[in-house]
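Please keep the sequence and the model open beside this note while you read. The points below are numbered so that you can go through them one at a time.

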There are 2 protein chains.
Amino acid sequence: MLFLKRFYSNSQRIAQVAKSSKPGDSLSIQGWIRNVRKLKSHTFLDINDGSTSTKFQVVVPKTPENQHLAPGSVISAEGQIQVAPNGSYELHASHVETLADGHLQEGYPFAPKQKLPPEYVREHLHLRSRVDYIAAQMRIRHKAQKAIHDYMDELDFVQINTPLLTTNDCEGAGEVFRVQPDSEALLKTMAKPNVPAEQSYFDEKVFLSVSGQLHLEAMTYGLGNTYTFSPAFRAENSKSPLHLAEFYMFEAELSHLKEVDKLAAFIEQMLKSITTRLLESSSDDLNFCQRNANASSDLAWLNVPWKIASYDEALQILQDNADSLKTPISIQDGFSKDQELFLVSHFAAPVFVVDWPAQQKPFYMKVSRSNPNRVHALDLLMPAVGELCGGSLRESDPSVLSSHPQLPKNLSWYVDLRKYGGVPTGGFGMGFERYLQLVTGVKNIRDVIPFPRYPHSCKM
Amino acid sequence: MLFLKRFYSNSQRIAQVAKSSKPGDSLSIQGWIRNVRKLKSHTFLDINDGSTSTKFQVVVPKTPENQHLAPGSVISAEGQIQVAPNGSYELHASHVETLADGHLQEGYPFAPKQKLPPEYVREHLHLRSRVDYIAAQMRIRHKAQKAIHDYMDELDFVQINTPLLTTNDCEGAGEVFRVQPDSEALLKTMAKPNVPAEQSYFDEKVFLSVSGQLHLEAMTYGLGNTYTFSPAFRAENSKSPLHLAEFYMFEAELSHLKEVDKLAAFIEQMLKSITTRLLESSSDDLNFCQRNANASSDLAWLNVPWKIASYDEALQILQDNADSLKTPISIQDGFSKDQELFLVSHFAAPVFVVDWPAQQKPFYMKVSRSNPNRVHALDLLMPAVGELCGGSLRESDPSVLSSHPQLPKNLSWYVDLRKYGGVPTGGFGMGFERYLQLVTGVKNIRDVIPFPRYPHSCKM
């Protein structure tokens, strides 16, 4: 692959230099100057090319033609790799060419070497990838997705691109975005009698998906185990640092699954494995982001067995410790984040809360045959972020499903799936950004996604 | 991984049996009965579990309790692997358990063993994954995506989740979907003076993305090479077998790219490599789909060098052969599909047409400094599907870009990218479904995506 990696350019990425070069090698790099230090006979440049959060130094002779080198400019530098006094590699350049000037004094919002608050950086979204901790986040985001795809593929799961345009709103939670062509002329051309004008493209009201689960189930009934890694949307007026209007969901559906404990075991194995892979591919970037967020780099949950507690046990623990909780306990609404974190701390491990009251959970969850007030559901509670995954066995009996009072109308197709050779299935969903917050310690979800969309903000 | 592959079930997937079992092995499988043949002393079942398009036979003794085995039912079968007279493995079952009845006579639309027209199958979208060629397509789609992610990751490209909600419509082609919260009450809560009521969630008009390119470019200016594999949307009233309202785009942006020929070389290498990987992972499914579509399995383009022709050369060839063309040549509009296929056939290879007239192409393409009527663009023309990729160098001079008459207003951020340490970049986009049509020979794009969305149809 080395040929391919370099075939359209003779330069090496800086991240590769430490891995595949040795002192004395001749090579060329291209990147942005982050910092310039002029000493007696040499000028020292910190160069960044977007491939790593580790500083890379280029040493250039102090000649008249190198006088104008300044932060922000893009250079190409050719020379020889040498070992710096601190032990890392640096490039002693024999030739430096300026490819483009930085023009930072003409309105560039990010002063070099200054610690900038994330709210300020977010205001300049189009330039944000030039800030080191954002670039590191983006590389981590890429590698975490890659780890998920690799893991699921190794286990023979089939990735399904569940649709984003849909005529159902899954859990009926209500807070959906509606979609229609922008062109009035097009709507007019496509008009049909008995169809409201704004619905004439699809002949019905169409929403942006809030979850791919129901579509995934339809596919699992033909393909076996499936998963989706897709955008999802919520039209909520939330300023919370844990919510976005557009975010990514990783959802999987397992066929022939009959016990919620096995689903919990699958999720635990999966999260430990993808996080271990991420630590292997991206430890420098992870450390960089954790330091930048003043977060602990201790992912202790990787090395302990996770716990399973029934809802009743969890509720009892909370009730016994009501004095230590910031929020009142409700048996209608599930747990607050404060309560979730208390449980994680109580068990000194991530904990799956299982066997939930049916009235707290959606229509598709499998009802316990021994106690019809309970469903075979799980919530995974983690340190720092609280709930990370939600899942359940699915109700596989079409008659039980049909008679559920919350079954949305126009979901007869969903009941139909169970009629012809139904199989027991179950699955889970995980908010991908929340996972990234967990591993990087970043407080605001707006900083782990490249282009955050939230109330009153859809820049670019 | 074997432990994990089986830890929530003791059964083996059928696709794995041929790879990891040997005659005499005891194992159990679970799947749907596709066909039942009753002979004298034994019953022969064709079983499918969604993992392969290759038939798998289970031989069961003809006992009273096996009498009721019927197509559509889900069974679990335990027994021993033996070699069938035709040389393939089969399972001689000592124990068969029915997990669920098929109930096919109660309205199941797909009669076993019958060849069903794709238009009919599409009418029953929720059950479609149970049809063998659709399941095979979905597995191919998964493996093709996996090959793209693997390839780009090996080359150190960073995958960026470009946003689907956006305030720009990229090329200004106009046919966009508009997005707003469905809840009038929410819009009212969020209302602001001077913002139209239906825009109050984001304070401006928001569309579904038609391309991630411009956002990708913003990221490339910090990260170097990037790519996106994302849904894209077009509100066109098109019944064409090559268009969907919701489809997937694979787009990449390469930094420090100065020649369009190098972009062509990258695309050729990439497409040959991912297709070779796909042939390795999925040859049975590919052959199955090609046979089902009456398409040739000859991917001759894998083994020849691809051609590059200038727009002027290509136009000359078409003009010299105007008599053989079904459509008139236009110098305003580019080539028709008929003309594209003529060029591919003329060169007996895929062909990159480069150096296009500026007025046929969008504002962001780099203008030739030697001939301002030309831009450094490419179209890749392939057999069967015509145009598969479009790409270009990007205009990197902010003053040239600013003065382009077609530059959309509110894209000042896009010009801004070039101002501070601009680098030469270029990239391409490929319609993923069109690629799947190319390799599987499937005529209608609606059959290579799990849930097709097109005019007057958004089922489920």
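1. Among those contacts in chain A that link residues at least 6 apart in sequence, 67% join residues at least 24 apart, a contact being a case of heavy atoms within 4.5 Å. Please bear in mind that this is a predicted model, in which local features need pLDDT of at least 70 and side-chain atom pairs count only at pLDDT 80 or more, while totals for chains, interfaces and linings use all residues. Residues are numbered from 1 along each chain as its sequence is written, chains are lettered from A and ligands numbered from 1 in the order in which they are written, and side-chain values use heavy atoms, with hydrogens and water left out.

2. Chain A has 12 helices and 16 strands, where helices (H or I, at least four residues) and strands (E, at least two) are DSSP runs numbered from the N terminus. Its C-alpha trace spans about 85 × 65 × 45 Å along the principal axes, and of the 460 residues in chain A, 62% are buried, that is, under 20% relative accessible area with a 1.4 Å probe, protein chains only.

3. Chain A is divided into domain 1 (2-109) and domain 2 (132-175 + 210-447), with bounds that come from an automatic or database domain assignment. The contact between them takes seven residues from domain 1 of chain A and six residues from domain 2 of chain A, although the C-alpha centres of these two domains lie 44 Å apart.

4. How much area do domain 1 of chain A and domain 2 of chain A bury between them? The value is about 450 Å², 32% of it on carbon and sulfur atoms; buried area here is the accessible area (1.4 Å probe) that two parts lose on being put together, summed over both. On the side of domain 1 of chain A, Arg34(A), Gly50(A) and Ser53(A) lose the most area, together 70% of what that side buries.

5. Across this interface the rule finds one salt bridge, defined as a side-chain nitrogen of Lys or Arg within 4 Å of a carboxyl oxygen of Asp or Glu. Arg34(A) forms a salt bridge with Asp132(A), and their closest N and O atoms are 2.4 Å apart.

6. In chain B, helix H11 (residues 412-419) is mostly covered, with six of its eight residues buried, among them Trp413(B), Asp416(B) and Arg418(B). The cover over the buried residues of H11(B) includes helix H6 (213-223) and helix H10 (398-402) of chain B. Just after H11(B), Gly421(B) takes a positive phi of about 65°.

Note on methods:
Buried means under 20% relative accessible area, exposed over 50%, partly exposed in between (1.4 Å probe, protein chains only).
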